[in-house]
Amino acid sequence: PQWGVGAVFYQVFPSSFMRDFHDLGDKLGHVAEIADAVYLNPIWESPSYHGYDIVNYFKVREEYGGNAGFLEFLDRAHSMGLRVVLDGVFNHVSSAHPVFQDVVERGRGSPFHDWFLIYGDRPDPFQFNYESFLWARRMPRLNYGNGAVKRFALDVGEYWLRAGADGWRLDVAHGIPPGFLREFTEAMSRA
């Protein structure tokens, strides 16, 4: 968006900078003195401290205050003139994500088999027969040759912008087809 040109972003890695969104909201006075926007690393349900292996893109971690705590934080940030940008992890998901787990359990019988790049009937972490982010078995790569994967990423992006977020930073953008990046950008500008 145009507002981002020349803006100063204050990056927050949630698990090391805040207890929850109420705590982060209490720090916004300082942030507003030095920045125009807050850029949040992943805030959604994830089994790891870093959050880049997301299990549920529509549910903010409960320890951060859940969805309600995040929406309250958005209101506080906006009332101070700050924009809030989210970290879009759309190259891969967590191996604990329900869609990937369905493929682990049902193999080719799963309607989600083609959401991933799997070499065989089902993903096998011991054989490691699927593509992932940087060879991390717990981060299976999404298949953007599948229209349902594209729709999923667009749905997530639109959902959080409609909830009040101001923009996205795309993680591992080089791993996502350029044509879809354009489609995502255009869709988010309309959301």
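The axis of a helix is here a line fitted to C-alpha atoms over the stretch in contact, and the angle between two helices is taken between their N-to-C directions. In this predicted model, that description applies to helix H6, residues 147-163, and helix H7, residues 178-190, which pack at an angle of about 30 degrees with their axes 10 Å apart. Angles under 35 degrees count as roughly parallel, and H6 and H7 are therefore roughly parallel to each other. The crossing in which H6 passes H7 is right-handed.

On the H6 side, the contact is made by Lys150, Ala153, Leu154, Gly157, Glu158 and Leu161. H7 contributes Phe180, Glu183, Phe184, Ala187 and Met188. Sorted by class, the contact of H6 with H7 holds seven nonpolar residues, one polar residue and three charged residues.

The volume of the largest pocket is about 290 Å³.

H7 gives the largest share, with four residues. By class, the lining of the largest pocket divides into eight nonpolar, three polar and one charged residue.

Key:
Residues numbered from 1 in each chain as written. Predicted model: local features only at pLDDT ≥ 70, side-chain atom pairs only at ≥ 80, totals over all residues. Heavy atoms only, no water. Axes fitted to C-alpha atoms, helices over the stretch in contact; angles between N-to-C directions. Helix = DSSP H or I, 4+ residues; strand = E, 2+ residues; numbered from the N terminus. Parallel < 35°, antiparallel > 145°, perpendicular 65-115°, else oblique. Left-handed = near helix turned anticlockwise from the far one by under 90°. Contact = heavy atoms within 4.5 Å. Nonpolar A, V, L, I, M, F, W, Y, C, P; charged D, E, K, R; others polar. 1 Å grid on protein atoms, 1.4 Å probe; cavity = no way out; pocket = protein on both sides within 12 Å on 5 of 7 lines; lining within 4 Å. Points joined across faces, edges and corners; volume = space filled by probe spheres on them.
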